[in-house]
Amino acid sequence: MTRKLYYIDPYQMEFESKVIKRDQDEHGFFLVLEETAFYPSGGGQPHDKGMLNGVKVIDVEEADGEVRHYIEESLPAETEIVRGIVDQKRRFDHMQQHNGQHIISAVFHDQFGIPTTSFHLGKETSTIDLDTEQLSADVMKAAEERVNEIILGNSPVETKWMSVEEAEKYPLRKSLAVDGKVRLVIIPHIDYNGCGGTHPRTTGEVRAVKFLGWTRSKKQVRLEFICGTRVLQKLEEKHEILTNMKKIIPRPEPQLVQEVEELVQAGKAKDKQIAELEEQLIHYEAQEIISASQGDKVIHRVFKDRSMQSLQTLGKSMVTEIEDSYIILISEQDEQLQFVLAHGEEIERNMNEVAKQVLPLIEGKGGGRPHFVQGGGRKVIDGEAFAEQVKSLL
Ligand SMILES: [Zn+2]
């Protein structure tokens, strides 16, 4: 069995050890050591990373009773002793998130009667699932305040190995699902927890907790939070966003939300006005095209980069003004061709049949009502050539 240095001193980041096994499985090469400071994935806490003799340790997992160090490339066959260096920043971050979670769960349980059902320590934020259907803003605020008070209180965080019988004398929230020896993590008067993770010496090292919000998950509440250095990183991120925002909208921070809201509303009002003006303009355009066509039986126009919506509006405006003419409207885009085919009310022809015959020319799709169809496809031929093909069918 490997001696687990992370249980003896969770701050020990460097060590030397004999290699007792070297092997390979579906995850890659791995080493088993006589002793290790590398924490393997477990109890919701991700594994450590670091180096063994200068080779990257990419994963650490406990399997078949051994701690397997997966390394990026195998070490020379004659290697007997390795020097290990654990990525201190990553580990300490995990210790902060993990211990923060103990305190958060304790506060929700003891002060609000809400038990925690699971914990996930994520790359950027962490979550716990709370056995309740909702969380009021008042409860969130009160819980967050209490958690931060406990952190500031700088209580010791102790770990003790003991028998299950002995452990059950403590005010545990969850019964222990193990036999034999158990590791109890104790924050006196606050939390007594059977846990195999790594923890800092005092709650003060968690530094701070910030709740980021919650969502509903399987009739429970999933609370998102960050602890420790992540709180400062988040503040820095948000500060940068606001600083950049203030370059665009030069207002004091408390006024920014209202200012953005007003800008969005003004934008929507303008969009509406532009749409109305566009429709009016298209109506005049329709009249102009019709009067210029001087009673032609087929009126066709090819446009560049005109939207389908605009093409349809123009077509609809024209059909009300003509009685026995056909309309072919085409928009040429970089790689696409879109069209509207229509006719006045005195013509009986179903334009779906015409569309069906020309659509293969542009490998397209389309359809509509008998007197008004639209479609589009690839610009395999240009707009004028497509119009000629349609004309030849009318
Ligand atoms: Zn723990």
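1. The largest pocket holds about 960 Å³ of space. A pocket here is an open set of points on a 1 Å grid over the protein atoms alone, with protein on both sides within 12 Å along at least five of seven lines, and a lining residue has an atom within 4 Å of a point. The volume is the space filled by probe spheres set on the points, with grid points joined across faces, edges and corners. There are 38 lining residues, and those closest to the pocket's centre are Lys 174, Asn 193, Gly 194, Cys 195 and Gly 196.

2. Before going on, the ground rules. This is a predicted model, in which local features need pLDDT of at least 70, side-chain atom pairs count only at pLDDT 80 or more, and totals for chains, interfaces and linings use all residues. Residues are numbered from 1 along each chain as its sequence is written, and side-chain values use heavy atoms, with hydrogens and water left out.

3. On confidence (pLDDT is the predictor's own per-residue score, from 0 to 100): the protein chain averages 94, and 100% of the residues score at least 70. Among the elements, strand E15 (residues 220-227) has the highest mean pLDDT at 98, while helix H4 (residues 164-167) has the lowest at 89. Helices (H or I, at least four residues) and strands (E, at least two) are DSSP runs numbered from the N terminus.

4. Back to the largest pocket: which elements supply at least two residues each of its lining? They are H1, H2, strand E9 (116-121), strand E12 (181-187) and strand E13 (191-194). H2 gives the largest share, 5 residues. By class the lining has 18 polar, 15 nonpolar and 5 charged residues. For the classes, Ala, Val, Leu, Ile, Met, Phe, Trp, Tyr, Cys and Pro count as nonpolar, Asp, Glu, Lys and Arg as charged, and the others, Gly among them, as polar.

5. The second largest pocket has about 520 Å³ of space. Of its 20 lining residues, Asp 93, Lys 123, Glu 124, Arg 230 and Gln 233 are the closest to its centre. H2 and helix H5 (229-248) are the elements that give two or more residues to this lining, and H2 again has the largest share, with 7 residues. The class count here is 9 charged, 7 polar and 4 nonpolar.

6. Now the rings. Rings of Phe, Tyr and Trp (its six-membered ring) pair if their centres lie within 6.5 Å; planes under 30 degrees apart are stacked, over 60 edge-to-face, and the rest tilted. That rule gives 9 aromatic pairs. One of them is Tyr 6 with Tyr 39, edge-to-face at 5.3 Å centre to centre and 85° between the planes. Tyr 6 is in helix H1 (residues 5-8) and Tyr 39 in the loop between strand E4 (35-36) and strand E5 (50-52), 33 residues apart. Both tyrosines are buried, where buried means under 20% relative accessible area, exposed over 50% and partly exposed in between (1.4 Å probe, protein chains only).

7. Phe 108 and Phe 211 make a stacked pair, 5.9 Å centre to centre with 25° between the planes. Phe 108 lies in helix H2 (residues 88-112) and Phe 211 in strand E14 (residues 209-217), so the pair ties together parts 103 residues apart in sequence. Phe 108 is buried at 0% relative accessible area, and Phe 211 counts as buried at 6%. Separately, Tyr 6, Tyr 7, Tyr 39 and Trp 161 form one aromatic cluster.

8. The charged end of Arg 201 is over the ring of Tyr 11, 3.7 Å from its centre. Arg 306 lies over the face of Phe 303, 4.5 Å from the ring centre.

9. Which residues other than glycine have a positive phi? His 189 is one of them, with phi near 70°; it lies in the loop between E12 and E13 and is exposed at 76% relative accessible area. Lys 218 has phi near 50°, is found in the loop between E14 and E15, and is exposed at 78%.

Conventions: Lys NZ or Arg CZ within 6 Å of the ring centre and 35° of its normal. 1 Å grid on protein atoms, 1.4 Å probe; cavity = no way out; pocket = protein on both sides within 12 Å on 5 of 7 lines; lining within 4 Å.
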